[in-house]
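Dear colleague,

Please find the structure below, together with its sequence. I would be grateful if you would read the notes that follow alongside it.

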Amino acid sequence: MDRKRISPGVVTYNTVVNGLCKSERTCEADKFSKGVVADVVTYSTLLHGYIGEENVQGVLHTRQRFEEAGFSMDIVMCNMLIKASFMVGAFEDAHALYKRMANLNLTADSITYCTLIDGFCKLGRIDEALEIFDEFRETSISSVACYNRILQGLCREAMIDMAIDVFLELIEKDLPADTRICFSESALEIYMLMRRNGLLITSKSYFLMLKGLIDGKKHMIEPFLCKFVKEYGSGDPKVGKTIARYLSLKDVDRALQFVNKMKEGKSIVTLTTSVFKILIQDDRVLDAYKLLMDTIDHVPLDVVDYSIMVNGLCKRGYLNQALDLCSFIRKKGIALNVVSYNSVINGLCRQGQLMEAFRLCDSLEKVGLVPSGITYGTLIDALCREQFLTDAQLLFQKMIRKGLEPGTHVYNSLIDSYSKIGMLDNALQLLHEMEMKGLKVDAFTVSAVINGFCRSGDMEGALTLFSEFKNKAILPDLLGFQYLLRGLSAKGRMEEARNVLREMLQSQPIVELIDKVDSEFETESNNFLVLLCEQGNIKEAITLLDEIGNMYHPIQKFHADFNELAKPNMRYKGEGFKTDVARSMTDLGNKVLEIWPLEVKNVEDGCEGDES
């Protein structure tokens, strides 16, 4: 902008501040704001950032800067200051600012009331919370959040009578209560009091209390459910919805029997999206899939919900089900986004079905989608794992030609693979590219290149790289330190190995990892490593670190015999695979695999070649 003689204004500066705060870099945003023009939006954005990071000093400093700047306060800034005051424990200041709002020509909104009610409830100052809530009720503002916050506070303080009054008022206003926290704890007591006082328990009241119990204390559900069915009958839509929700979370087969029985009686039961989300969170993605496929006409899911389901199936290795669901969704006329396809491609790669993954990628354009950076990154990573490095490099170059910038993960995959097969020059060139592009070099990157040096026996190169990135505050991960220690030990350079071990024992991430292993396996590795380091017993320390690595990475055991260098493995040249991939990438011809259906009868059985 300076070169074009365009002077940025406060809006531009605030955009930068907002971007930094959203990236959890509020301290940088704060420093930036001190050298440019600021306004009330600047300070409210900084406050919001510091509150999100729970940085008390940042909050206090920003509040002081704002007060010294002398700007007029708007409602957004006022709400931020109230929230900030609660965060730093200055609740009296929060209340005083609320009382001064009229003098500042400001009118409290739903956020003001909700922040105050929530703040006082969390402090256990329920009287002040109720005072604010009563003032809120006198306004024309409609806010379910205010009702839910006071309900939670009342239930927490066991003020059930008052909670019932608020609950009934909420129902009368036809606002949706959040019962998961409040009524899952107090539903039985609320129910008994309502009965004792002769209050009518409507179907909506039952429904809300049961919803809270289903999401909370499931063992208390059945007495409520029996009463609900007895009083309103299974024909009531809320009764059917509640029973279906309860059965779905308990036993999907019984839930489907119930839904089908209701269909026979001409009653339609609609399941909520939250049922499927809960099943997926509880690692019951197959149950969620089964329920969805049998009730899909009566489930109000959108493309995001379907994507979550597809991703859940792929993560757990159920690719056939994921592909069937994708095909079914397309037949319903719903267009999935590239995120869903990335999940399937990743699943195929992890099961070794690289050809199918590439063919699916090639077919994306047929449904109007363009492969994303994540698509390319996933495929490059899979090729690297299988050591098809020629193909990985070709795909990497194609990614760049398409205008997609490879991230750290993509570079790491290539650097790691080149290092493992002794192509260290290629790895170093990629590392240089990363730094030139300003990409973050992380512990994995450094460890991968150190591995390359150690495998070639160049310990001077390994130590130089270690020292260079140590000066940049980037240390290797556990494996990187193991490569160094084993390489130095093999060369008889024990004192240098001892210095590296000392460095490792001062690395916070490594110490935390070892502590985690010690806690899980009830060992005292950290103290023992310190003792071995003091004694200069490097070989014993290396053996212990191997055991720690095996416990932390049980699937990828660290190979103890470092002297067995990488054998000439030319799979990365793999002409057979290269020919297929090259055709898949550059010359699709007439053999592009249709996405719907993928010609994979059973993914676990492997790829059976191109289908014509």
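This is a predicted model: local features need pLDDT of at least 70, side-chain atom pairs count only at pLDDT 80 or more; totals for chains, interfaces and linings use all residues.

Residues are numbered from 1 along each chain as its sequence is written, and side-chain values use heavy atoms, with hydrogens and water left out.

Aromatic rings. A pair of aromatic rings is described by the distance of the centres and the angle of the planes. Here, rings of Phe, Tyr and Trp (its six-membered ring) pair if their centres lie within 6.5 Å; planes under 30 degrees apart count as stacked, over 60 as edge-to-face and the rest as tilted. By this rule there are 10 aromatic pairs. In one of them, the ring centres of F86 and F120 are 5.2 Å apart and the planes stand at 90°, so the pair is edge-to-face. F86 belongs to helix α5 (residues 75–87) and F120 to helix α7 (residues 110–122), so this pair ties together parts that are 34 residues apart in sequence. Helices are DSSP runs (H or I, at least four residues), numbered from the N terminus. Both F86 and F120 are buried, where buried means under 20% relative accessible area, exposed over 50% and partly exposed in between (1.4 Å probe, protein chains only).

F466 and F481 also form an edge-to-face pair, at 5.8 Å centre to centre with 75° between the planes. This pair links distant parts of the chain, with F466 in helix α27 (residues 459–470) and F481 in helix α28 (residues 478–490), 15 residues apart. F466 is buried at 7% relative accessible area, and F481 is buried at 0%.

Helix α6. In helix α6 (residues 91–99), the buried residues are F91, A94, H95, L97 and Y98. They cover an arc of only 160° around the axis (taken from the directions from the helix axis to the C-beta atoms), which puts them on the same side of α6. These buried residues pack against α5, α7 and α8 (126–137), contact meaning heavy atoms within 4.5 Å.

Residue T12. T12 is found in helix α1 (residues 10–22) and counts as partly exposed, at 31% relative accessibility. T12 and V37 are 25 residues apart in sequence, and their C-alpha atoms are 9.9 Å apart in space.

Yours sincerely

Methods. Helices (H or I, at least four residues) and strands (E, at least two) are DSSP runs, numbered from the N terminus.
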